[in-house]
Amino acid sequence: MTNEWRPIEVLLVEDDQGDILLTREAFDLNKVRNRLSVVNDGEQAMAFLRQEDGYADAPRPDLILLDLNLPRMGGLEVLREVKDDVGLRTIPVVILTTSQAEEDILHSYRLHANAYVSKPVDFEQFIRVVRQIDNFFVTVVKLPVHGNRA
């Protein structure tokens, strides 16, 4: 058994270009060597995860950062599909959203989200939150090694 650090594949599902930029900056400022892939809506997220429709070479994510307010297919729908799919359900999903509605929080956890994080509006706070998520899933949590997709 080895405690070697390995970079992880992170899928950011986000339609707000400003939040995408902030997340990329948080990874850069934190010297994160993890790979960040980005898709802009729920349908793209599912195509990416299932390696369909132009995503045949997409890496299997070790972690999904999922916004709830997405075009074409909402974040809760994506979460439901991921957690209902035997081949995808072991991927941790962190809801990273502006919504602080109790209904959204409860619904997310009922659908087996691994964490629910409200996006701070302040740049420094946002950077800190993304850094903490990254540190937790890279250094604290033991993630499964995904050698295959099933």
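Two strands are taken to pair if DSSP finds at least two bridges between them, strands being DSSP runs of E with at least two residues and helices runs of H or I with at least four residues, numbered from the N terminus. By this criterion, four bridges join β4 to strand β5 (residues 115-118), and the two run parallel. The model is a predicted one, in which local features need pLDDT of at least 70 and side-chain atom pairs count only at pLDDT 80 or more, while totals for chains, interfaces and linings use all residues. Residues are numbered from 1 along each chain as its sequence is written, and side-chain values use heavy atoms, leaving out hydrogens and water.

On its other pairing, β4 meets strand β3 (residues 63-66) in the parallel sense over three bridges, with L66 opposite I95. Between β3 and β4 the chain passes through helix α3 (residues 75-84) in a right-handed β-α-β crossover; right-handed means that, with the strands pointing away from the viewer, the path from the first strand over the helix to the second runs clockwise. A right-handed β-α-β unit is likewise formed by β4, helix α4 (residues 102-110) and β5.

Strand β4 (residues 93-97) is largely enclosed by the rest of the structure, because five of its five residues are buried (under 20% relative accessible area, with a 1.4 Å probe and protein chains only). V93, I95 and T97 point one way from β4, and V94 and L96 point the other way.

How values were computed:
Buried means under 20% relative accessible area, exposed over 50%, partly exposed in between (1.4 Å probe, protein chains only).
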